[in-house]
Amino acid sequence: MNRRQQQAVRPPMKRPTVQDVAREAGVSPSTVSRALHTRGYASPDVRDRVRAAAEKIGYVLDHNARNLRSRTSTSIGVLISDLRNPFYADLAAGIEEELRAAEYQMVLVNDNADPAEEMRAAETLLAMRVPGVIVTPVTADCPRMLQDNGVHVVCADRELRRSGGDVVLSDNKAGARELTEHLIGLGHSRIGLLIDETKWSTGAGRLAGFRAAHVDADLTLDENLIAYTSFDAEAARRTTRDLLGQQPTAIISANNVLAQGALAELKDRRLKIPRQISLAAYDDVPWMSLVEPALTTVDQHTVELGRSCARLLLARIREELPTRRRIVRVAPRLIIRGSTGPAPRA
């Protein structure tokens, strides 16, 4: 290193401490701690003075040191399956909004719906001493392992009974039933269902609602109209191609990803929606209102779903609830747009 390089090197600046803030604000270090943290009393005037002093000298709370002292954390783990999917992004947004208001931080991990990645992420969160985790579980192993280690868990969107923890769900059966009833009311008797899975409560509930609407209308359901595919838009497109061979007059896609594939196939075939075929989808996301015609959908109130998860978890952490398992259902809402219309005449 030459002389010029040596002169350019500067030692790191000393980080301001609680004692520095106390001197600047004219209070004791313990008062600074109470004023900057949510726990402990400090008058509004003192809080304002201490926060102004901290901002002036550049003091930042050291959450890691605080966590080591208390052997706990103000961070909450959030494990989701696919951050690229607008559903999970909105879910995380609702969770973060509620946690931030309670002065907790969100540690977000995208596990790609992979059981091994989910478990690795859970182990990392355990090492961080998080008091709670919100997870869209791939298997029951992850929530059960966290609970066995004293971590509060809320399962979002999916109910895995063997996990034994709290759950926040959209009422999938009610939403799918109402959507199917809407199409039956328009005269459709051959309604195709494009669905990717039924092992989780999400898909199982939507399939159950689809079937229930047929029973309610005393309408015989052709099982060939239930088309199973994978959670992938291109796969859904190919499956839609096969499903059209069964001559449905309407198609319901069980989620927003499958709806992309179904819409692409119908557009490619130049089928007029809804004059020749109606298309509807579960799980309203922004693009569905932007295409022409806009898609009839079921809105899961996903941001509110996330807020409900956070509120439930924080109540558990604060020991405000009885120990029994709690299941919260968020009511969905049918949104009728231009993609559904009367069944075409034979």
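## A tour from Arg-270

Select Arg-270: this residue is exposed, with a relative accessible area of 72% (buried means under 20% relative accessible area, exposed over 50%, and partly exposed in between, with a 1.4 Å probe and protein chains only). The model is predicted, so local features need pLDDT of at least 70 and side-chain atom pairs count only at pLDDT 80 or more, while totals for chains, interfaces and linings use all residues. Residues are numbered from 1 along each chain as its sequence is written, and side-chain values use heavy atoms, leaving out hydrogens and water.

**Loop between helix 12 and strand 9**

Stay on Arg-270, which is found in the loop between helix 12 and strand 9. Helices (H or I, at least four residues) and strands (E, at least two) are DSSP runs, numbered from the N terminus. Phi of Arg-270 is near 60°, a positive value in a residue other than glycine.

Move along to Pro-274, in the loop between helix 12 (256-268) and strand 9 (278-282). The peptide bond that joins Ile-273 to Pro-274 is cis, with omega near 5°.

Then show the side chains of Arg-269 and Glu-265. They meet in a salt bridge, 2.8 Å from N to O; the term stands for a side-chain nitrogen of Lys or Arg within 4 Å of a carboxyl oxygen of Asp or Glu. Arg-269 is partly exposed at 43% relative accessibility, whereas Glu-265 is buried at 2%.

**Loop between strand 9 and strand 10**

Select Met-288, placed in the loop between strand 9 and strand 10. Its relative accessible area is 0%, so Met-288 is buried. What does Met-288 touch, not counting residues up to four places away in sequence? The list is Asn-256, Ala-259, Ala-281, Asp-283, Ala-294, Leu-295, Thr-297 and Arg-337, where contact means heavy atoms within 4.5 Å. Draw a distance from Met-288 to Asn-256: these residues are 32 apart along the chain, and their C-alpha atoms are separated by 8.5 Å.

Continue to Pro-293, in the loop between strand 9 and strand 10 (296-299). Here the peptide bond from Glu-292 to Pro-293 is cis, with omega near -5°.

His-301 lies in the loop between strand 10 and helix 13 (302-317). It is not a glycine, yet its phi is positive, about 55°. His-301 counts as partly exposed, at 28% relative accessibility.

Now select Glu-97, Glu-98, Glu-304, Arg-307 and Arg-311 together; a network of salt bridges links them. The structure holds 21 salt bridges.

**Two further salt bridges**

Go to Glu-96 and Arg-100, whose side chains meet in a salt bridge of 2.9 Å, N to O. Why are Glu-96 and Arg-100 separated by about one helical turn? They are four residues apart in helix 6 (residues 86-101). Glu-96 is partly exposed at 28% relative accessibility, and Arg-100 is exposed at 52%.

Select Glu-24 and Lys-56 next. Their salt bridge has its closest N and O atoms 3.0 Å apart. This pair links distant parts of the chain, with Glu-24 in helix 2 (residues 18-25) and Lys-56 in helix 4 (residues 44-57), 32 residues apart. Glu-24 is partly exposed, with a relative accessible area of 36%, and Lys-56 is exposed at 65%.

Ser-28 is partly exposed, at 31% relative accessible area. Ser-28 and Val-18 are ten residues apart in sequence and 9.1 Å apart in space, C-alpha to C-alpha.

**Helix 9 against helix 10**

Two packed helices are described by the angle between their axes and the distance between the axes. Select helix 9 (residues 172-185) and helix 10 (residues 201-216): their axes come within 7 Å and cross at roughly 40°. That makes helix 9 oblique to helix 10. Axes are lines fitted to C-alpha atoms, for helices over the stretch in contact, and angles run from 0 to 180 degrees between N-to-C directions. Angles under 35 degrees count as roughly parallel, over 145 as roughly antiparallel, 65 to 115 as roughly perpendicular, and the rest as oblique.

Finally, show the side chains at this contact. On helix 9 the residues include Ala-176, Thr-180 and Ile-184, and those they meet on helix 10 include Gly-205, Ala-208 and Phe-210. The residues of the contact divide into six nonpolar, seven polar and five charged (nonpolar: Ala, Val, Leu, Ile, Met, Phe, Trp, Tyr, Cys and Pro; charged: Asp, Glu, Lys and Arg; polar: the others, Gly among them).
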